[in-house]
Amino acid sequence: MRALFADQNQKLARRITVATTASLLLHELQKPLELYRKRHPDVQLSFIDRPSAMARKHLEDGEADVAIVGQIDALKHPRIEVTPVTAYPFVLVCPVGHPLLKAKTLKLPDLIKQPLVLPGPGANSRRHVQDVFEAAALWQKANVALTASTFDIVVGYVRMGFGISVTSVSPMILKEATQGHSSYRGVAFRDLSKLFGREEVVVLHRKAKVELPHHVAFREIVVKALRDD
């Protein structure tokens with residue numbers, strides 16, 4: 001009987017709950033997650049799809065073992081280890097042929113004149129874009145035509161001419177767009193890092209004296225994959 005309970009406890013222990021964003025799940029994380037499942041088929045993976053701030057809270061509250069999230073400002077938490085892995089540049093997303101693509105330089109007043117299609121208030125990128133415009137005393141002029149829950153919705157409504165978007169975008173998406181991926185036809189991207197910077201992507205886990213080996217292996221695979229990309 002004791003052996004049976006020990007076996008059951010061991011199976012329960014061999015799982016990982018990961019809190020992360022829809023964008024990361026759809027793009028950067030697909031290959032490392034597939035690789036991890038092949039190497040550790042006995043580990044149960046569970047995912048919590050949330051915006052970065054909420055995903056981080058799941059980790060802080062003990063509801064997730066790992067959080068893979070974006071951050072604008074450096075996280076300082078005495079019980080959380082932070083490992084930077086990649087970064088999303090802030091870009092302009094607009095319909096192909098839009099006048100802003102032809103401008104020699106872009107300034108904040110040029111952008112705020114346009115209707116905006118933005119991520120939801122819970123997204124780091126939305127908060128940061130608003131903060132940058134507020135610091136320049138321009139946010140009160142903003143015309144937010146649409147607030148979207150996913151980047152796919154942002155792209156769809158920009159394509160339809162509802163407005164432009166300023167948001168952080170996965171380098172994988174930018175690469176796919178450059179290669180003519182059908183999902184991004186009809187829209188164009190222009191780097192705005194000089195105005196808005198970049199959103200750093202980090203792997204977070206709670207500090208512990210002794211870590212479970214399959215947790216360490218998971219982070220190592222994810223960190224290597226995202227840094228190599």
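Let me begin with a term: helices (H or I, at least four residues) and strands (E, at least two) are DSSP runs, numbered from the N terminus. What we have here is a predicted model, in which local features need pLDDT of at least 70 and side-chain atom pairs count only at pLDDT 80 or more, while totals for chains, interfaces and linings use all residues. Residues are numbered from 1 along each chain as its sequence is written, and side-chain values use heavy atoms, with hydrogens and water left out.

The chain holds 10 helices and 9 strands, and its C-alpha atoms fill a box of roughly 70 × 35 × 25 Å along the principal axes. Of its 229 residues, 43% count as buried, where buried means under 20% relative accessible area, exposed over 50% and partly exposed in between, with a 1.4 Å probe and protein chains only.

Now to the interior. A nonpolar core is a set of buried Ala, Val, Leu, Ile, Met, Phe, Trp, Tyr and Cys residues joined through side-chain atoms within 4.5 Å. The largest such core has 21 residues, of which Ile16, Tyr36, Ile68 and Phe218 touch the most other members. Helix H10 (213–228) is among the elements that each supply at least two residues of this core, and H10 gives the most, with 7 residues. Apart from this core lies another, of 19 residues, including Phe90 and Phe133.

Next, the open spaces. On a 1 Å grid over the protein atoms alone, a cavity is a set of points where a 1.4 Å probe fits but cannot get out, and a pocket is an open set with protein on both sides within 12 Å along at least five of seven lines, lining residues having an atom within 4 Å of a point. Grid points are joined across faces, edges and corners, and a volume is the space filled by probe spheres set on the points.

The largest pocket contains about 630 Å³ of space, and among its 33 lining residues Thr21, Ser23, Ala123, Ser149 and Phe151 lie nearest its centre. To this lining H2 gives the most, with 4 residues.

Which helix supplies the largest share of the lining of the second largest pocket? That share, 4 residues, comes from helix H8, residues 171–178. This second largest pocket, of about 200 Å³, is lined by Glu28, Lys31, Thr86, Pro171, Met172, Lys175, Glu176 and Asp229.

Finally, a search of the whole structure finds 1 cavity of 30 Å³ or more, and the lining of the largest cavity consists of His27, Glu28, Lys31, Pro32, Met172 and Asp229.
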